[in-house]
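Here is a set of questions and answers for a reader who is meeting this structure for the first time.

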Amino acid sequence: MKIPQHVAIILDGNGRWAKSKGMPRNYGHVQGAKTVEVICEEAYKMGIQYLTVYAFSTENWNRPQDEVDALMKLLRNYMQTCLKTAAKNNMCVRIIGDKSRLDEDIRSRIDELEKATVNNTGLHFQIALNYGGRDEIVRAVRKLAAQVEAGSINKEDINEQMFENALDTYGLPEPDLLIRTCNEMRISNFLLWQLAYTEFYFTETAWPDFSKEELEKAIESYNKRDRKFGNIKVEK
C-alpha cells in the first residue's frame with residue numbers, strides 16, 4: 001500500500017461529540033487535542049512524513065467568547081505538551097497562519113516550539129492557527145507587492161513558484177490526501193492554493209473518536225484513486 005507523503009486534516013466535530021455525551025463543547029476540544037497526539041504518532045509509524053491539521057481558523061474568532069477563551073487556554077497548554085512530545089518523537093513543528101492576532105505569550109511559546117524542533121528529522125507537523133486560505137493568499141500578494149514596490153523583483157517575473165514561496169507553507173510538499181471528520185463535505189477555507197490536486201476523504205467519525213484504524217481507512221481509500229494531473233497518471 002502506498003502511503004501519502006503529506007496528509008492534511010480538518011479536525012471537525014469536537015463540540016458535537018461532546019454534546020452527544022452531555023458534556024460542554026470545551027470537553028470535546030480537550031479530547032480532540034489528545035487525539036492529535038495519538039494521530040501524530042500513528043501517522044509517523046505508518047510512514048507519513050508531513051501532517052498538517054486545521055486547529056483554529058480565522059472564522060473561529062466569531063464563536064462565543066467563552067469558547068474562544070477556552071480554546072486559547074487549551075492552546076497554551078498544548079504548546080507545552082507539544083514541546084515535550086516533539087522532543088520525545090523527534091518531531092519538527094511549524095505553525096502556519098497569521099500569528100499577529102494571537103496573544104504575545106502564545107506567540108512566544110510558538111517561537112520557542114519552532115526553534116526547539118527546527119532540526120528534528122521525524123514527522124513534520126504543521127498546525128494551522130488563526131489560519132484562512134483566503135487570508136494567506138492576500139498576505140502572500142502583499143508580500144510580493146511590497147517586493148515589487150521596493151524594486152527587489154519585477155512584476156513580470158512573478159510565477160507560481162514565487163507565489164508559493166510567499167505562502168505560509170513555503171518549502172512543504174502539497175498535500176496528497178485531505179481528511180475531514182464528522183461528515184462535513186467542504187474545505188472551509190483551508191489550504192485553498194495547496195489542495196489543487198489533493199484527494200479528499202470524508203468520514204462520519206467525529207475527531208475525538210478518530211483513531212489509527214480510521215486513518216488506515218482513509219489511506220486505503222486514497223490507494224483506490226486513479227490520480228491524474230492533466231495527461232500524467234500518478235502511479236500507485
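Q: Which residues lie nearest the centre of the largest pocket, and how many residues line this pocket?
A: In this predicted model, the lining of the largest pocket is made up of 32 residues, and those nearest its centre are Leu11, Asn14, Tyr54, Ala55 and Asn60. The volume of the pocket is about 730 Å³.

Q: What makes up the lining of the largest pocket, by element and by class?
A: At least two lining residues come from each of H1, H2, strand E2 (50–57), helix H3 (65–89) and strand E4 (124–131). Sorted by class, the lining has 16 nonpolar residues, together with eight polar and eight charged ones.

Q: Why is the pair of Trp17 and Tyr27 called stacked?
A: Two rings pair if their centres lie within 6.5 Å, and planes under 30 degrees apart count as stacked.

Q: What does the pair of Trp17 and Tyr27 tie together?
A: Trp17 lies in helix H1 (residues 14–20) whereas Tyr27 lies in helix H2 (residues 25–46), so the pair ties together parts that are ten residues apart in sequence.

Q: Why does Trp17 count as buried, and why does Tyr27 count as partly exposed?
A: Buried means under 20% relative accessible area, exposed means over 50%, and partly exposed is in between. Trp17, at 10% relative accessibility, therefore counts as buried, while Tyr27, at 30%, counts as partly exposed.

Q: How do you know that the pair of Trp207 and Phe210 is stacked?
A: The ring centres of Trp207 and Phe210 are 5.2 Å apart, and their planes stand at 20 degrees, which is under the limit of 30 degrees, so this pair is stacked. Both Trp207 and Phe210 are buried.

Q: What makes the charged end of Arg94 count as close enough to sit over the ring of Tyr170?
A: The distance has to be within 6 Å of the ring centre, and there is also a condition on the angle to the ring normal. The charged end of Arg94 is 4.3 Å from the centre of the Tyr170 ring and sits over that ring.

Q: How do you know that the span of H2 is close to the expected one?
A: H2 has 22 residues, for which 32 Å is expected at 1.5 Å a residue, and its reach from the first C-alpha to the last is 31 Å, close to that value. After H2 comes Gly47, whose phi is positive, near 105 degrees.

Q: Which residues line the largest cavity, and which helices supply them?
A: The largest cavity, with a volume of about 40 Å³, is lined by Met79, Gln80, Leu83, Arg109, Glu112 and Leu113. H3 and helix H4 (104–117) each supply at least two residues of this lining, which by class has three nonpolar, one polar and two charged residues.

Q: Why does Glu149 count as exposed?
A: Exposed means over 50% relative accessible area, and Glu149, at 73% relative accessibility, therefore counts as exposed. Glu149 is found in helix H5 (residues 133–150).

Notes
Residues numbered from 1 in each chain as written. Predicted model: local features only at pLDDT ≥ 70, side-chain atom pairs only at ≥ 80, totals over all residues. Heavy atoms only, no water. Helix = DSSP H or I, 4+ residues; strand = E, 2+ residues; numbered from the N terminus. Buried < 20%, exposed > 50% of the residue type's maximum accessible area, 1.4 Å probe, protein only. Phe/Tyr/Trp six-rings, centres within 6.5 Å; stacked < 30°, edge-to-face > 60°. Lys NZ or Arg CZ within 6 Å of the ring centre and 35° of its normal. 1 Å grid on protein atoms, 1.4 Å probe; cavity = no way out; pocket = protein on both sides within 12 Å on 5 of 7 lines; lining within 4 Å. Points joined across faces, edges and corners; volume = space filled by probe spheres on them. Nonpolar A, V, L, I, M, F, W, Y, C, P; charged D, E, K, R; others polar. Expected span 1.5 Å × (residues − 1).
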